[in-house]
Amino acid sequence: MTKRDVFEYALVRVVPRMERGECFNAGVIVYCRARSYVAARTHLDEAKLLALDPKADVPGVRAALRAVEGVCSGGERAGQAAGDDAGRRFRWLIAPRSTVVQPGPVHTGLTADPEGEVDRLLDLLVR
């Protein structure tokens, strides 16, 4: 039997107009402590964004989603979080925010393949 490890994940949501409270999923962040793994994948449905807010800053939302992926990847793309370990970067990303791009609640599961889990969850919950 393949060894499975606990992982945590959070959806990345876009809330174009906070006063309306409408949101949609635009990405997923996966963290597996046992493997020191953290990654994010995003997918912006531009038509959905513009349906909720025709004046939305599409390039700004795309930049915010790329920043989430960058923090996960570490290195220069992570900015101030570059020196942080995977767990600390995950915790920073899931902290509540009142911005257009926000994390959802954290969920857990078991996986033998955290990298595959990111893609699976993106297909299942975002696309």
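1. Helix α2 (residues 58–73) and helix α3 (residues 86–94) have axes that come within 9 Å and cross at roughly 160°. Axes are lines fitted to C-alpha atoms, for helices over the stretch in contact, with angles from 0 to 180 degrees between N-to-C directions. α2 and α3 are therefore roughly antiparallel to each other (the term covers angles over 145 degrees).

2. This is a predicted model, in which local features need pLDDT of at least 70 and side-chain atom pairs count only at pLDDT 80 or more, while totals for chains, interfaces and linings use all residues. Residues are numbered from 1 along each chain as its sequence is written, and side-chain values use heavy atoms, without hydrogens and water.

3. On the α2 side of the contact (heavy atoms within 4.5 Å) are V68, V71, C72 and S73, which meet R89, W92 and L93 of α3. These residues divide into 5 nonpolar, 1 polar and 1 charged.

4. The largest pocket holds about 180 Å³ of space, a volume being the space filled by probe spheres set on the grid points. A pocket is an open set of points on a 1 Å grid where a 1.4 Å probe fits, with protein on both sides within 12 Å along at least five of seven lines; lining residues have an atom within 4 Å of a point. Of its 13 lining residues, A64, V68, L93, R97 and V101 are the closest to the centre.

5. α2 gives the largest share of that lining, 4 residues; α2, α3 and β4 (101–111) each supply at least two. The lining comprises 10 nonpolar, 2 polar and 1 charged residues.

6. Overall, the protein has 4 helices and 4 strands, in the order β-β-β-α-α-α-β-α along the sequence. Helices (H or I, at least four residues) and strands (E, at least two) are DSSP runs, numbered from the N terminus.

Note on methods: Parallel < 35°, antiparallel > 145°, perpendicular 65-115°, else oblique. Nonpolar A, V, L, I, M, F, W, Y, C, P; charged D, E, K, R; others polar.
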